[in-house]
Amino acid sequence: MAQWLPLFAALAVSLACAYRRAGLRAWTLATAAALAAAGLAAGFHAGFWSVAAPFALIALPLNLTGFRRAFLSAPLLRVFERVLPPLSDTERTALEAGTIGFEGELFSGRPDWSKLLAEPKPELSAEEQAFLDGPVEELCRMIDDWQISHELADLPPPVWDYLKAHKFFGMIIPKRYGGLEFSALAHSAVLQKLASISATVASTVAVPNSLGPAELLLHYGTDAQKDHYLPRLADGREIPCFALTGPFAGSDATSIPDYGIVCKGRWKGEETLGVRLTFDKRYITLAPVATVVGLAFRMHDPERLLGDKADLGITLALLPRETAGLEIGRRHLPLNVPFQNGPVRGKDVFVPLAQLIGGPAMAGHGWRMLVECLSVGRAISLPSNATGFVRMAAAATGAYARIRKQFGLAIGRFEGVEEALARIGGWTYAITALSRATAAAVDRGEKPAVTSAIGKYHATQLGREVVQDAMDVHGGKGIVLGPKNYLGRSWQGAPISITVEGANIMTRSLMIFGQGAVRCHPYVLKEMEAVRIADPRERLATFDRVLFQHLGFGVANAVRALVLGLAHAKIGQAPGDAYTRRYYRKLNRYSAALALTADVAMGVLGGKLKFKEKISARLGDVLSYLYIASAMLKRYEDQGRPEADRPLLAWAFHECVWRMQMALDGVLRNFPVRPVAWLLRALVFPFGRREVPASDRLGRRVAALLTAPNEARDRLTTWAYLTPAPNNEVGRMNALLPEAIAAEPVERKFLKALKSGAIRAHEYFEQLAEAEKLGEIGAEERELLARVRRISAEFIAVDDFDPKELEAAVQRGPGAALRSVA
């Protein structure tokens with residue numbers, strides 16, 4: 001046994017150093033000391049030297065900097081230069097734009113949870129809360145979504161006027177320009193509340209406050225442009241749109257065929273230097289009503305009027321609606337959710353250089369401008385709209401499942417419905433935490449390129465799952481369109497949010513991991529930058545330093561993944577309370593597994609990984625669910641660790657971890673280099689896949705929270721419009737829920753009497769009267785059951801139409817059809 005002691009000592013110390021991420025010299029000294037101690041204890045026999053000699057042969061060259069650089073780093077640098085995938089200017093701009101927040105910690109394999117928990121709690125200011133309780137509440141009272149979506153295919157004039165008068169289009173504009181200057185959290189809260197009552201109104205408000213002229217002008221506009229346009233955008237005198245997407249350049253915005261030629265022309269009666277534009281854009285939200293159009297195009301200067309370059313690159317301009325040659329086409333109708341949307345075209349449209357956003361100095365910088373601003377807008381608009389809907393869906397479906405009866409029992413008590421309610425509640429908890437986290441990142445001054453993509457993809461994707469479950473629970477109530485239907489338009493419109501601002505397939509397959517792998521990784525970007533250093537000595541020295549930090553990082557993550565996998569994430573330091581500490585440890589494990597797997601994938605596949613979109617997508621899923629789970633834990637901490645929320649947190653957390661596991665398993669099953677995949681599986685899943693989805697018992701607890709008034713349900717539905725107003729069936733149904741629950745024990749007494757045969761009447765209200773006469777229920781109990789029955793019937797009812805109402809739209813032609821049955 002003594003002969004093995006040096007080997008065990010060296011391995012134990014090496015593993016401990018790797019787990020703790022000790023540096024090269026610390027590992028060398030600690031292992032040498034362990035070997036010396038083992039030699040003293042067991043004698044310097046042959047077993048000692050069989051370990052010490054190889055250790056010395058490995059450690060000594062690694063610690064001799066000059067030798068290491070010449071014989072190890074220099075050859076590796078040459079290999080790295082060959083295999084490093086070339087980055088286009090647009091890719092480099094995308095990577096350099098934006099900032100990295102806590103997602104970088106998740107990619108590190110060893111998250112510093114103190115950084116997450118030290119972030120300030122997101123809260124609305126008194127002014128922002130007053131706006132939410134005042135103008136936003138009043139706007140919600142004005143909204144008749146059936147009128148908007150079916151009768152007008154537009155907002156009615158009073159709603160347009162109210163939006164302008166109360167500066168809903170100026171939430172991101174500073175007060176010095178007449179805007180509201182709200183935080184990102186307040187911006188998100190307003191959109192959530194509007195989305196809970198009308199997707200059309202929410203979209204109309206979202207666009208001017210997202211990627212568009214206002215945000216671009218704030219960051220890049222000239223003083224003259226800001227002074228002219230921002231006050232007019234803030235109070236609604238100007239309605240903006242931004243024209244980026246065209247028939248032949250959707251997600252690939254850098255390939256836009258729209259162009260502008262620098263030349264001289266006439267503007268307002270005077271000859272001036274400008275750009276003659278030719279463009280064809282579609283899917284442009286607010287275009288049909290816009291008074292100023294932001295335009296992205298490729299700018300050319302063949303006569304070199306501005307300098308030496310002929311192709312200046314993507315540039316942005318502002319076109320007033322009255323610009324000669326600008327054509328705003330007829331409207332698109334996106335899946336019967338009739339927010340204003342349509343094409344924008346122009347041929348040889350002349351505008352002066354002063355109309356370029358930022359002036360001539362910003363010509364050719366449009367791609368960088370778009371990427372930097374898009375990360376902020378994408379972090380707020382669609383995640384907030386999805387969050388508003390799922391909050392409403394949770395309130396509506398929970399109440400409906402308690403009020404609606406089948407076989408004498410609330411349908412929410414059936415296990416199949418419970419399963420759907422659990423998904424609605426759990427994913428609503430996750431989505432609301434995610435949108436809160438991305439808004440908070442913007443408020444901290446971040447430009448969250450990676451997490452905005454996570455927020456956009458997962459809020460809309462999971463939101464689609466929620467609306468599907470809500471439709472299933474509501475059944476016929478959900479599919480029959482009419483004024484009483486509060487789900488149908490959201491079901492119809494779910495693919496819209498999936499499609500816009502970067503299609504979800506592209507966002508998952510290319511963006512999340514594509515940006516995250518380089519931006520979040522602590523060393524890859526530094527290695528890429530080292531290769532570009534001009535001085536050979538400095539290039540080698542920098543590459544050597546970063547390379548060995550990277551190698552140590554990889555070894556550490558391999559050890560951490562294995563150790564935490566063997567322990568099933570039950571060891572290690574972690575914050576939280578006795579309930580959530582296990583959750584932090586679980587995330588530690590999968591953070592290490594992600595860092596290891598991503599490192600190996602990048603190292604083995606190199607530039608080919610860019611084209612392995614399924615592998616990239618699955619690795620992006622792991623990063624995404626790590627971030628979502630972290631956001632949920634932060635929310636739980638910020639809200640004072642409410643015990644009532646634990647079923648929601650637990651259900652969503654287990655689902656996130658299970659999906660992480662399955663995503664990693666998908667990477668390993670499909671990794672093209674099989675021996676590498678086998679080694680990774682041994683490190684990541686030493687005992688196989690042991691994670692499981694949330695249990696039925698936990699799902700039952702979540703369903704119970706949704707179907708009864710309680711503090712957890714109130715927190716889940718915060719910022720949804722739940723006022724029991726005439727235009728808000730969900731609010732009225734939500735208000736009835738306590739009475740419906742109070743009536744249940746009385747109803748059980750009544751049903752017992754009914755089954756006994758003592759009651760002879762057939763009609764429900766006559767049966768109640770007979771039950772009271774027989775003494776089975778009291779007068780107040782009879783009134784309670786009658787009142788709940790009458791009001792419940794209103795919520796269960798669906799709309800119907802005279803056939804001529806539906807036929808008339810066809811007879812009147814396409815234009816009238818839009819007004820009648822949109």
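Predicted model: local features only at pLDDT ≥ 70, side-chain atom pairs only at ≥ 80, totals over all residues.
**Exercise 1.** Determine which strands pair with strand 4, in which sense they run, and over how many bridges.

*Solution.* Begin with strand 1, residues 240–243, which pairs with strand 4 in the parallel sense over 4 bridges. Within this pairing, Pro240 has Val292 of strand 4 as its bridge partner. Next take strand 2, residues 259–267, which also runs parallel to strand 4 and is joined to strand 4 by 3 bridges; here Ile261 has His300 as its partner in strand 4. Finally, strand 5, residues 311–320, pairs with strand 4 in the antiparallel sense over 9 bridges, and in strand 5 it is Asp311 that stands opposite His300.

**Exercise 2.** Describe how helix 23 and helix 24 are packed, and state what kinds of residue make up their contact.

*Solution.* Two packed helices are described by the angle between their axes and the distance between the axes. The axes of helix 23, residues 581–605, and helix 24, residues 613–638, come within 10 Å and cross at roughly 155°. Because angles over 145 degrees count as roughly antiparallel, helix 23 is roughly antiparallel to helix 24. The crossing of these two helices is left-handed. Among the residues that make the contact are Tyr583, Leu587 and Leu594 of helix 23, and Leu619, Val622 and Glu637 of helix 24. Sorted by kind, the contact residues of this pair divide into 15 nonpolar, 3 polar and 1 charged.

**Exercise 3.** At what angle do helix 16 and helix 24 cross, and which residues are in contact?

*Solution.* The axes of helix 16, residues 415–443, and helix 24 come within 8 Å and cross at roughly 85°. Since angles of 65 to 115 degrees count as roughly perpendicular, helix 16 is roughly perpendicular to helix 24. The contact includes Tyr429, Leu434 and Arg436 of helix 16, together with Tyr627, Met632 and Asp638 of helix 24. Its residues divide into 10 nonpolar, 2 polar and 4 charged.

Methods. Residues numbered from 1 in each chain as written. Heavy atoms only, no water. Pairing = 2+ DSSP bridges. Axes fitted to C-alpha atoms, helices over the stretch in contact; angles between N-to-C directions. Parallel < 35°, antiparallel > 145°, perpendicular 65-115°, else oblique. Left-handed = near helix turned anticlockwise from the far one by under 90°. Contact = heavy atoms within 4.5 Å. Nonpolar A, V, L, I, M, F, W, Y, C, P; charged D, E, K, R; others polar.
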